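Q: I would like to learn how to read a protein model, one feature at a time. Please give the general idea, then the case at hand.

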Amino acid sequence: MTKLQFPLDFVWGSATSSYQIEGAYDEDGKGESIWDIFSHTLGKINNNDTGDVACDHYHRYKEDIELMKEIGLDSYRFSISWPRILPNGKGEINQKGLNFYKELVDQLLEAGIEPVITLYHWDLPQALQEEGGWANRDTIKYFVKYAEVLFDELGAKVSQWITHNEPWVVSFLGYAEGEHAPGIKDRKQALQVAHNLLVSHGLVVKKFRELDLTGDIGITLNLTSVYSYSETDKDQEAAQLMEEYINGWFLDPVFKGSYPKKLAQIYENQFGKIDIQAGDMDLISQEIDFLGINYYSRALINYNPNSKFYGIESIKPAESDYTAMNWEIYPDGLYDLLTKLNQEYTNKPLYITENGAAFDDQIIAGQVNDQRRINYLKEHFKSVYRAIQDGVPVRGYYVWSLMDNFEWAYGYSKRFGLIYVDYNTQKRTLKDSAYWYQQVIEENSIGI
Ligand SMILES: CO[C@H](O)c1c[n+]2c([nH]1)[C@H](O)[C@@H](O)[C@H](O)[C@H]2CO
């Protein structure tokens with residue numbers, strides 16, 4: 001068997017987010033988040049599931065860290081619940097909430113696991129939503145203050161910070177499509193939200209630099225590789241527009257200081273100008289230390305005049321394999337994305353901050369044989385290996401997810417974890433993929 005050896009300092013990790021695993025939604029002074037409100041609204045979430053208990057990680061974090069140690073993780077990426085720190089989004093600090101994360105970080109460090117903190121993974125304090133949420137530019141300053149509380153408390157212990165997780169999803173699923181909290185369907189508002197999120201990213205990076213903290217700071221974007229279904233002009237134009245919509249709308253401001261021209265013009269013609277203030281784009285495009293990439297699948301695009309979105313239609317080849325989310329399994333897309341980012345956007349270090357798959361895992365006699373997840377991960381690890389061999393500075397990889405958890409509008413119906421969670425008993429069981437990953441980490445290589 002051939003072994004593909006990864007660089008000695010390559011970081012193998014796994015990722016979660018606060019609302020998806022913590023539970024304790026109203027405990028120890030935590031304020032309501034927009035996801036508490038959204039999941040408590042009947043009909044929004046599959047089976048009317050909520051994150052009220054989730055994986056009960058708020059009480060079981062020590063057990064979960066032991067499982068991370070058993071797998072052998074180098075690093076663990078998690079997010080902080082803003083309303084657990086500032087119940088009203090601003091003002092008084094909830095010390096019990098802050099203490100939870102201080103203890104979590106200390107226990108991770110004691111276990112030899114590097115903590116990577118995502119400041120915002122979608123759970124905005126409801127009190128701020130009642131003032132307009134991310135559509136209100138004031139939210140930006142409250143986000144900076146929230147970040148400063150965490151930098152002050154944890155800045156000396158945590159060496160890697162992510163400002164936002166997937167501002168594209170926050171903006172376009174939360175404020176345009178209405179599929180995510182706060183459930184608004186207003187594309188013009190979504191464009192202002194996207195801009196305000198980017199400005200908040202810029203101001204937090206600026207604050208991080210002013211505090212002269214020793215770690216690194218970056219942003220995580222959901223990115224995909226976009227391909228035209230044919231060589232026809234129409235299909236290629238549709239694919240280019242999709243590239244601007246799904247990737248460029250955030251990559252271009254962060255790394256080029258401007259929005260993608262063609263789509264920006266389409267939006268301005270349709271919705272008028274959004275509020276962009278002097279200096280915003282310079283703030284947004286100031287230097288960051290790394291880019292986090294969440295990759296799950298590719299986009300294969302053709303032109304369809306009847307499509308509801310600017311003639312863009314996604315094609316799903318019948319011959320491809322798909323996950324339980326109905327996402328095409330396309331590992332080569334990760335290689336193509338990584339090389340494109342390095343060639344067209346940045347020479348900065350890249351981290352795969354999320355990649356993984358949901359499959360219909362079954363637990364039988366205390367074991368979960370998730371060979372499909374092993375195959376999925378192995379093929380995507382190979383794509384990362386190829387990119388590194390081609391000189392792309394990929395520094396680490398975080399499997400989504402450490403454990404099965406609350407999959408947003410799908411509730412608990414989709415399992416992405418390396419660890420199986422029985423939600424009736426909260427019993428954790430390492431899946432076969434966890435044991436396979438344990439060996440990959442131990443050997444820092446994959447066998448092909
Ligand atoms: C197209 O997939 C997105 O990039 C994406 C996939 N995922 C995500 N973003 C989120 O960051 C996670 O909270 C989800 O649990 C995870 C799995 O759905």
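Q: Which helix holds K256?
A: Helices (H or I, at least four residues) and strands (E, at least two) are DSSP runs, numbered from the N terminus. K256 lies in helix α10. The model is predicted, so local features need pLDDT of at least 70 and side-chain atom pairs count only at pLDDT 80 or more, while totals for chains, interfaces and linings use all residues. Residues are numbered from 1 along each chain as its sequence is written, and side-chain values use heavy atoms, with hydrogens and water left out.

Q: Is K256 buried, partly exposed or exposed?
A: Buried means under 20% relative accessible area, exposed over 50%, and partly exposed in between (1.4 Å probe, protein chains only). K256 has a relative accessible area of 47%, which makes this residue partly exposed.

Q: Which strands does α10 lie across?
A: Axes are lines fitted to C-alpha atoms, for helices over the stretch in contact, and angles run from 0 to 180 degrees between N-to-C directions. Helix α10 lies across β7, β9 and β10, and runs at about 135 degrees to β9.

Q: What is the order of the strands in the open sheet?
A: Two strands pair if DSSP finds at least two bridges between them. The open sheet has 3 strands in the order β7-β9-β10, with mixed pairing. Its edge strands are β7 (225–228) and β10, each of which pairs on one side only. Direction ignored, neighbouring strands of this sheet are turned by 40 degrees against each other on average.

Q: How many bridges join β9 to β10?
A: There are 3 bridges between β9 and β10, and the two strands run antiparallel.

Q: Which strands make up the closed barrel?
A: The closed barrel has 8 strands, running β2-β3-β4-β5-β6-β8-β11-β12 with parallel pairing. The twist from one strand to the next averages 25 degrees.

Q: Where can I follow the pairing around the barrel?
A: Start with strand β4 (residues 114–120) and strand β5 (residues 160–165), which pair in the parallel sense over 4 bridges. Here T118 has I162 in β5 as its bridge partner. Next, β5 is joined to β6 by 4 bridges, again with the strands running parallel, and N165 stands opposite T220 in β6. Strand β6 (residues 216–222) then pairs with β8 over 5 bridges in the parallel sense. Across that pairing, G218 stands opposite F290 in β8, and N222 has N294 as its bridge partner. Finally, 4 bridges join β8 to strand β11 (residues 350–355), the two running parallel, with I293 opposite I352 in β11.

Q: Why is β8 said to be largely enclosed by the rest of the structure?
A: Strand β8 (residues 290–294) is largely enclosed because 5 of its 5 residues are buried. F290, G292 and N294 point one way from β8, L291 and I293 point the other way, and all are buried. Strand β6 is also largely enclosed by the rest of the structure, because 6 of its 7 residues are buried.

Q: Which strands does helix α14 lie across?
A: Helix α14 (residues 371–389) lies across β2 (11–15), β11 and β12 (394–400), and runs at about 170 degrees to β12.

Q: Where is T139 found, and what does T139 touch?
A: T139 is found in helix α7 (residues 138–154). This residue counts as buried, at 2% relative accessibility. Not counting residues up to four places away in sequence, T139 touches W82, L124, L128, G133 and W134.

Q: How many residues line the largest pocket?
A: On a 1 Å grid over the protein atoms alone, a pocket is an open set of points where a 1.4 Å probe fits, with protein on both sides within 12 Å along at least five of seven lines, and lining residues have an atom within 4 Å of a point. The largest pocket is lined by 46 residues, of which W168, L173, E179, I246 and W327 lie nearest its centre. The elements that give two or more residues to this lining are α8 (167–172), α10 (233–256), β9 (298–303) and β10 (312–314).

Conventions
Contact means heavy atoms within 4.5 Å.
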